[in-house]
Amino acid sequence: MLTAQQALDHLLSHAQPVAEIERVPMQATLGRVLAENVNSLVDVPPLDNTSMDGYAVRTADTQNPGSVLKIAQRIPAGSVGTELQAGTAARIFTGAPVPLGADAVVMQEDCATPEGSADQVQVNIAPSFGQWIRRRGEDLTAGKTALTAGTFLRPQELGVAASAGLTHLNVKRRVKVAAFFTGDELSLPGEPLKPGGIYNSNRDTLLACIKALGCDATDLGIVPDRLDATRAALRQASQDHDLIITSGGVSVGEEDHIKPAVTAEGRLDLWQIAIKPGKPLAFGAVRKSEQANDGEAWFIGLPGNPVSSFVTFLLFVRPFILKLQGRAAKQTQSYLMRADFDWLKADRRNEFLRVKLNNNGGLDLFPNQSSGVLTSASWGDGLVDCPPNQPIKAGDLVKYIPFDALLN
């Protein structure tokens, strides 16, 4: 069996970022991937400005606490004052440009108005040079790279781009993913259950995971357990998609048609991966047509058990999609945390245990780690990556991977 790392390395060695680039208005770029470096059009901030309400002064005039200066001007944000003369101060408000001649700002809380003198200010501290002044270009300078290619655009990146004076960004087109689900026992919520049937939870879980990554997701529904139906679904999915994902049917039983269907419509590797939950994973490609130069859609077949499907998506499909999107490579965040549980029945496979942070700074274990118990993933905050043949005792430090790091 392959290790998890071997399987992931093999997947990523095949993935290539989508080539198409779209120029999109700023407000439509959330959740997209930047296609090229973006340079700032302006200095940010464009002028030295104050980070506090108070008084702009010359430190030469305020070396002694209690200095009294004439208030020569008032500078609100959006206005530009005149050069500050010796012996004077400027009333100034947060964000306003600091006038020439001033080299410090004193907070209004550190100042007072001399009795009977409305046009004077008493500076009760000796300010340091540059105090409360944000310098021109201290965030960005004109021509400097503000955002780099491969950046996944969150609200804060949109703010950076806007501060740099940009209205549109060049982004990668969205990765297109089709998903279908095999199993005659499956019904959709709202339909009557068949005898011996179950509701299809993988559909909603996987489609939500795909959309959370910023992909265009196409739901091809439940496909009957027949070879001809599976082949037809693959042909349909391959036409306008970069990736096809299925759950179920990747074993080698008589009712498991994924392997012969993908083999007939393209090419397939069927792997046994030394992980739990999980183990069977299919990877290959489906022809878009009989013409060799029309290209292929990638194919990943996941196990049918709900937790196995969810975990293998996070461990293998998610990194594959990130590379298709052209995102900058990042190591998945993990932390050494204290286990507040015993897991003494170590498996020969690499196990991923569903756990939850507790109020004592440790991790609790969901009591039922079966691959069919999806409530363990809903209850939990993340996974413990437990190496093969390694029991866990309460107090041990373990590798904890939060779901937040696997779903963003």
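## Six-stranded sheet

Six strands make up an open sheet of mixed pairing, ordered E7-E4-E6-E5-E9-E8. Its edges are strand E7 (104-107) and strand E8 (111-112), each of which pairs on one side only. The model is a predicted one.

Strands of a sheet pair through backbone hydrogen bonds, in either a parallel or an antiparallel sense. For E8 and strand E9 (residues 120-123) the sense is antiparallel, and the pairing runs over two bridges. Within this pairing, Ala112 stands opposite Gln122 of E9.

## Cysteines

A disulfide is a covalent bond that joins the sulfur atoms of two cysteines. With a cut-off of 2.5 Å between cysteine sulfur atoms, the number of disulfides in the model is zero.

Cys111 has a relative accessibility of 12%. Because the limit for a buried residue is under 20%, Cys111 counts as buried. Cys386, at 1% relative accessibility, therefore counts as buried too.

Leu365 belongs to strand E24, which covers residues 362-365. The relative accessible area of Leu365 is 19%, so the residue is classed as buried; the class requires a value under 20%.

Conventions:
Residues numbered from 1 in each chain as written. Predicted model: local features only at pLDDT ≥ 70, side-chain atom pairs only at ≥ 80, totals over all residues. Heavy atoms only, no water. Helix = DSSP H or I, 4+ residues; strand = E, 2+ residues; numbered from the N terminus. Buried < 20%, exposed > 50% of the residue type's maximum accessible area, 1.4 Å probe, protein only. Pairing = 2+ DSSP bridges.
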